[in-house]
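Reader: I would like to go through this model with you and ask, for several of the labels attached to it, what each one rests on. Could you set the values beside the cut-offs as we go?

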Amino acid sequence: MKELSADRTYFTRLVNTYSRMLLRIAFTYMKNTSDSEDIVQDVFLSLYANPPKFANTEHEKAWLIRCTINRCKNQLNSYWFRNTQPLDENLSFFPEEESAVLLAVMKLPEKYRTVLHLHYGEGYSIEEIAGILMKKPATVGTWLARGRAKLKTALKGGFDDE
Amino acid sequence: MNKQTYQSAMERLPFDQNFESSVIANMEAGKKPKPVSGFDKIPGAVRKAAEFAAAAACLAILSLFVFPLFHNNSFKLPHSSGNVAVRVVKNPDLDGQSIPQPADLSEEEQFKRADTIFSGTVKEIKTLEISLGGDVSYRSLITVSVGNVWRGTAHAGSTVKILLPYAVDESKDGDTVLSRIRTGMRGIFLTENYTKDSLDTSGDNALALIDLAPYGLPDDSCAFLDKDSGIVYRAASFPGLKMNPTYDEVCGYIDTMLSKDQATTTEPKNDTTAADDTTPVVTKPNGSSGKSGNSSDSKPADDSNKDSGCDYIWDRATRGHYFRIAKDGTKKIYDLPMPWDTLSCDHIETDSEWIYFELKWNTGNGGLYRCRRDGSEFKKIYNGNCPFTLNGNSIILRDQDTYYKMDKDGSDLSKIRYLMSGNETENILTDKNAAYVFRGDELLKVSLSDGSFTSLHKFSSSASRLTVAKDDSSIYFCENGSTLKKIGINGTKETTVAAADGEIRDVQICRGYAYYLLSPENPDNNTAETGASLYRVPTDASAKPKLIRSPNAKEGNSVAGIQISNSHLYVWYDDSLYRMNLDGSSPTKIN
């Protein structure tokens, strides 16, 4: 028999735990905070409306990230969003170095940008990213390498592993 | 320190400081997520203004025209209470709907749980929108013309309604048993009899399920569906039923289960512990108990093992299937009791008796499994996300940065060598005595007997070399994703085989050719990755790469994967499988 009651404590924990991470991930797609907030709110609302059963915390996190990415991609596939502007957000109050790095990353093709952020921004391993994005680890590794290579030409030092 | 700068920049982004509390408040207020629709795709502020204007303009129209329609499609709910409404809808957004996991029951318990068991033909499928305390969900309601009744309150020749645990999208086959139910299909149903106490509740709101139907299916283990391709059912729940049964065999099985004593148990034909992904690794010291290795596993041969010349292909379109394709192209489907939420099969190899799978699910975890060629004795033999290859009577696998060797039944695991990170090639390359490993800017040859290694070649750079393959004389690798090179297995003669304007992946070598998928570079940041094509090039680079399959309107948007046997090339276009000659000619659709 389908269970419809919601555990509010559980959902509150999810929101408090994952919101910032999902907002950052959404930002790498939407390139502005306002649309990123809309996306992430919808992710939580859809989770609340139809909660799937998670095997463990890792599955929970992977599901939320993938749902966020899917919603971003759906949003971007309309003509309203067919723009190639690197950034829609006002970064005038950022330190110059930070805005330069952010701009360089946001100029990358989407797949490189995503894996770079998940790896360097959120600390996921290649294997974990492969599981989240449903790609082979070798593919993720290639995207990471190529993203780093492109950043090298844009930034002094790029994102070389230390 | 650009990495740290990037992290600082992301932390500095001016998101709403009250975002979390705002989301929680909206959740508790019952705010619904926006569906992905044309209206939804308008940028933020414009959308908000448009929403307000549209809502105001539509309210009068709804009052005059829509609400009466709603009431005509709605259910009377005499036994329900509180804020409850149910109506028939068409084509709702089912994205992300919750699908209940099958209960962990033995096959005896499955039959004990069922109040009414009958066969019948599905006459109609409706989708119900259920609003319970403001929460909206969807379930399918099927109408069945009853055939044979084994037990319970149904009557042969009558028409009954059964409530499914979730909604079915008839336009596509999902991963679960009930998602494949269709109008006109014959099936056998293990149903629950609803009473006034059969309630779905949310706070003080209660939906009496008997208001919708007299019978319900709790989960995907409660139906056997008779499709053209065979019986669809959850094999893990019924280990006493032979693999790939006919409809009559299912009926006979049900007769047997309902007539035998409670105390009798049958030895399962499938090891259902495979469904538990917390099963510990089989690591036993030399000579311990357990299965003694595949050559001494005895099993009476049956027709399904007479498979000379057959190819075994993992079904990418559904989880838990593989195909046996005979020489004449005849396809047989084997349904495995897969681990929950299996994502993909990254590698499949066979020997004379067994099929070995590298499986992965969506958290990035995985395992190594095997089954006999007829699908029986399915079992996990290693717990972990690990590329592997068969090597004589052993399996060589790599778990994280360590190479291991084990018997083919998963026993006698021993460590060969630990190698530092930077070694994440998608395949393992071996010959009889050695593994060939890319580490940084080096190619190493590692002895399988004692783990000692020598450096075969030092490359001029630490480029990524993650896509690799091998034949008897050379090792092939894709450098930085776009250049296919090879080097002799003695580490000499590094040459370029093909250079591409795009991303090369899934390299396979067969009969003097290298086959690979090529995804074009896409300068448009916002375009999804699609449109991979299949190329082949002579391994001696005596000719340029030749395009042999590309996306097309008939076959599919992208070549999603390939598998090569000695005589045939199997190509996945999206979720459709084609078999063709090794030069890409004469494609025949398999699935």
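Author: Let us begin with a definition: the expected span of a helix is 1.5 Å times one less than its number of residues. Please keep in mind throughout that this is a predicted model.

Reader: What makes the span of helix H2 of chain A close to the expected one?

Author: Helix H2 (residues 33–49) of chain A has 17 residues and reaches 24 Å from its first C-alpha to its last, and the expected span is also given as 24 Å, so the two values are close. At the start of H2(A), a side-chain oxygen of A:Asn32 comes to within 3.2 Å of the backbone nitrogen of A:Ser34.

Reader: How do you know whether A:Lys31 is buried or exposed?

Author: The relative accessible area of A:Lys31 is 3%, and the limit for buried is under 20%, so A:Lys31 is counted as buried. A:Lys31 is found in the loop between H1 and H2 of chain A, and it has a positive phi of about 65° although it is not a glycine. As a rule, most residues other than glycine have a negative phi.

Reader: Why is B:Asp200 counted as buried, and which side chain does it contact?

Author: B:Asp200 has 3% relative accessibility and the limit is under 20%, so B:Asp200 counts as buried. This residue is found in strand S6 (residues 199–202) of chain B. Its side chain makes a polar contact with the side chain of B:Arg139 at 2.9 Å, and that value meets the requirement that the N or O atoms be within 3.5 Å.

Reader: Why are S34 and S37 of chain B said to stand at the edges?

Author: The open sheet of 4 strands has the order S34-S35-S36-S37 in chain B, with antiparallel pairing. Strand S34 (559–564) and strand S37 (588–589) each have a single partner strand, so one side of each is left without a neighbour in the sheet.

Reader: How do you know that S34(B) and S35(B) pair?

Author: Pairing asks for at least two bridges between the strands, and S34(B) and strand S35 (residues 569–573) of chain B have 5 bridges in the antiparallel sense, so they pair. In S35(B), B:Trp572 is the bridge partner of B:Gly561.

Reader: Which residues touch the most other members of the largest nonpolar core?

Author: Of the 62 residues in that core, A:Phe44, A:Ile65, A:Leu102 and A:Phe159 touch the most other members. Helix H1 (residues 8–30) of chain A gives the largest share of this core, with 12 residues. Apart from it lies another core, of 41 residues, among them B:Val146, B:Val160, B:Tyr166 and B:Phe224.

How values were computed
Residues numbered from 1 in each chain as written. Chains lettered and ligands numbered in written order. Predicted model: local features only at pLDDT ≥ 70, side-chain atom pairs only at ≥ 80, totals over all residues. Heavy atoms only, no water. Core = buried A, V, L, I, M, F, W, Y, C linked by side-chain atoms within 4.5 Å. Buried < 20%, exposed > 50% of the residue type's maximum accessible area, 1.4 Å probe, protein only. Helix = DSSP H or I, 4+ residues; strand = E, 2+ residues; numbered from the N terminus. Polar contact = N/O pair within 3.5 Å; in protein donor to acceptor, adjacent residues only side chain to side chain.
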